[in-house]
Amino acid sequence: MTVNFYGNIKKHTNGEGTYVPVNKTHSTLRDVLDELNVHFGDSFASFISDNEACLFLVNGKGIKHTGGLDTPVCNGDIINILPFVEAG
């Protein structure tokens with residue numbers, strides 16, 4: 001699977017736009033996020049843990065109706081993490 005980061009999330013990933021998880025046995029999005037939190041550290045973990053800050057897509061579908069962070073994932077999936085944009 002591949003995880004893509006967009007916008008200001010990259011400042012929490014040392015500028016990396018893509019990450020391929022090392023552990024190939026993740027079964028949920030939550031498992032993948034746990035690996036990302038370890039890899040990128042506290043800044044990333046804090047940003048991602050704010051459920052209001054990001055939109056998560058697995059294979060182009062929002063996770064709201066697919067199980068949230070417990071959405072199943074498998075090898076070959078594409079996970080996109082995008083920041084919500086506010087205007088005002």
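How far apart are the end C-alpha atoms of α1, and what span should its twelve residues have at 1.5 Å a residue? The end C-alpha atoms of α1 are 16 Å apart, which agrees with the 16 Å that the twelve residues should span; the expected span is 1.5 Å times one less than the number of residues in the helix. The views below come from a predicted model, in which local features need pLDDT of at least 70, side-chain atom pairs count only at pLDDT 80 or more, and totals for chains, interfaces and linings use all residues. Residues are numbered from 1 along each chain as its sequence is written, and side-chain values use heavy atoms, with hydrogens and water left out.

**View A. Helix α1 and its buried residues.** Helices (H or I, at least four residues) and strands (E, at least two) are DSSP runs, numbered from the N terminus. L29, V32, L33, E35, L36 and F40 of α1 are buried, where buried means under 20% relative accessible area, exposed over 50%, and partly exposed in between (1.4 Å probe, protein chains only). They cover an arc of only 160 degrees around the axis, which puts them on the same side of α1; the arc is that of the directions from the helix axis to the C-beta atoms. Among the elements that cover the buried residues of α1 are β1, β2, α2 (42-49), β3 (54-58) and β5 (78-83). G41 follows α1 and has a positive phi, near 95 degrees.

**View B. H26 in the loop between β2 (18-19) and α1 (29-40).** H26 has a relative accessible area of 9% and is therefore buried. Its side chain makes a polar contact of 2.6 Å with the side chain of E35; such a contact is a pair of N or O atoms within 3.5 Å, and within protein one must be able to donate a hydrogen and the other to accept it, while residues adjacent in sequence count only if both atoms are side-chain atoms. A polar atom of the H26 side chain also lies 3.4 Å from the backbone oxygen of N23. Beyond its neighbours within four places in sequence, H26 is in contact (heavy atoms within 4.5 Å) with M1, P21, D31, V32, E35 and V73.

**View C. H12 in the loop between β1 (2-5) and β2.** H12 counts as buried because its relative accessibility is 14%. Setting aside neighbours within four places in sequence, H12 touches F40, S43, F44 and F47.

**View D. I78 in strand β5.** I78 is partly exposed, at 34% relative accessible area. Apart from neighbours within four places in sequence, its contacts are T2, N4, L57, V58 and N59. The C-alpha atoms of I78 and G60 are separated by 7.7 Å, with the two residues 18 apart along the chain.
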